[in-house]
Every structure is written in structure tokens, then in C-alpha cells.
Amino acid sequence: MSSPERAPAVVCEGLVRRFGERAALDGVSLAVAAGETLVLTGGNGAGKTTLLRVLATVLRPHAGTVSVAGHELPRSARAARPSIGYVGHEPLVYPDLTARENLELYAELHLAPPGSCDEALAMVGLERRARDRTADLSRGMRQRLALARAWLHGPALLLLDEPTAGLDAEGRERLAGMLARHGGAAVVATHEPEWFAGGRELRLEAGRVAG
């Protein structure tokens, strides 16, 4: 017997998000299948970050429809959040907590399985810095920690905004390994699409899907 087909990770139809009079997203329609990686490209101000923030339930859309893992936004945002792992432009980790404590807090919120913090730290190469205060870590290490935090609860959808920022060559290899192990869908906004050659590329221009 064949297994039931999984719901698409993302579906957007005519998505609009404005800031004042400016439409940062102007009728965006797209779909991301379960397990697919979508690579968002486009210049500054194209709408990539705004789209990720809408999908992450940080921003509410002004028009159109959007669903994540089968949950309609914004109506079912609370139900959708456990299915999402999000890394924005800034790592946004707690500076006075250790690397491990940052992950333990997040793991508790999302009821992550036992051992997930150790696994996530090892995956990004921070197991030897687990007891260090996050404020004492370099920018690249904080970025690694943010990636580990997004991954550790096994989300159906990873949303990554310029995830290579601040990463050295080893950090980028760790990122590639994380995406390979993820198994779920990912939407990656990047100015370096060559690092995500296995994904389907989609370009935004002035808040619209190009082409």
C-alpha cells in the first residue's frame, strides 16, 4: 500500500504585504513541495526577507492566501510554528546563556527529543564550545548556533535568510550537511545560490516572481 501524499510545505496565492504605500510582496504565488529546497534570489529590496518573515509567522499578510505545512496563515499561525525552523539576518541568540542553554531552552519549548541538543551542537561543530557564553562566541559561531536551533526540533520547513553570512568554509560545509540531513523542505534566501545548487531557484524582483 502506498503511503499518503504529504501536504505541500508552502502554498502562496496572490500574497501581498505592504509597508505603508510600498508593496514589498505584490501578488506572489508559489508552492514548495514537502522535502523540496527553494532558493530565493533577487537584489536588495526584492522581497526575499519579507516573504520568509510572512512564512515564519513574524509578519501578517495584507492580501492573498498562504499556508505552511497545511496550516493557513495567519489564522492557524500558532499551529504552524512547531513545523517551522527560522534563521533571520541576525542569529538572535541569548548572549548571557551558554550555547547549550540556548538550545535547551528552545528544545523545551518545542518538546524536542532527548539528545537533540547534543546532536545539533555536534552537527554544527560547537560541541567543544557548548559551555561557553554565547556573547563570547564569534559571529560565525553564533550563526552556527542559530542554524542548530532551527534544526533541532525536526521542523517540516526550514526558513533560512542569508544563512552563509559570517560562515567560514567549514561552517558552510556544516550548513550543507545540515540541509542534507534535514529531510524536510527548505526556503533559502541568498545572494550565493551556487551554494544551494541542488535546489529549485526562484527570483523575486520588486516583490513579484520574475519570469
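Modeller: Happy to! Let's start with threonine 50, which sits in helix 1, residues 48-55 (helices, H or I with at least four residues, and strands, E with at least two, are DSSP runs numbered from the N terminus). Keep in mind that this is a predicted model, with local features needing pLDDT of at least 70 and side-chain atom pairs pLDDT 80 or more, while totals for chains, interfaces and linings use all residues. Residues are numbered from 1 along each chain as its sequence is written, and side-chain values use heavy atoms, without hydrogens and water.

Threonine 50 counts as buried because its relative accessibility is 12% (buried is under 20%, exposed over 50%, partly exposed in between, with a 1.4 Å probe and protein chains only). Leaving aside residues up to four places away in sequence, threonine 50 touches Arg17, Phe19, Ala24, Leu25 and Leu59 (contact means heavy atoms within 4.5 Å).

Now to a helix pair. The axes of helix 4 (residues 116-123) and helix 6 come within 10 Å and cross at roughly 135°, so helix 4 is oblique to helix 6 (under 35 degrees is roughly parallel, over 145 roughly antiparallel, 65 to 115 roughly perpendicular, the rest oblique; axes are fitted to C-alpha atoms over the stretch in contact, with angles from 0 to 180 degrees between N-to-C directions). Helix 4 brings Glu119, Ala122 and Met123 to this contact, and helix 6 brings Arg174, Met178 and Arg181. By type, the contact residues are 3 nonpolar, 3 charged and no polar (Ala, Val, Leu, Ile, Met, Phe, Trp, Tyr, Cys and Pro count as nonpolar, Asp, Glu, Lys and Arg as charged, the others, Gly among them, as polar).

Helix 6 (169-182) and strand 8 (185-189) each give at least two lining residues, and helix 6 has the largest share, 6 residues. This lining holds 9 nonpolar, 8 polar and 1 charged residues.

Finally, the largest pocket has a volume of about 490 Å³. Among its 19 lining residues, Tyr86, Leu92, Tyr106, His110 and Arg149 lie nearest its centre.

Note on methods. 1 Å grid on protein atoms, 1.4 Å probe; cavity = no way out; pocket = protein on both sides within 12 Å on 5 of 7 lines; lining within 4 Å. Points joined across faces, edges and corners; volume = space filled by probe spheres on them.
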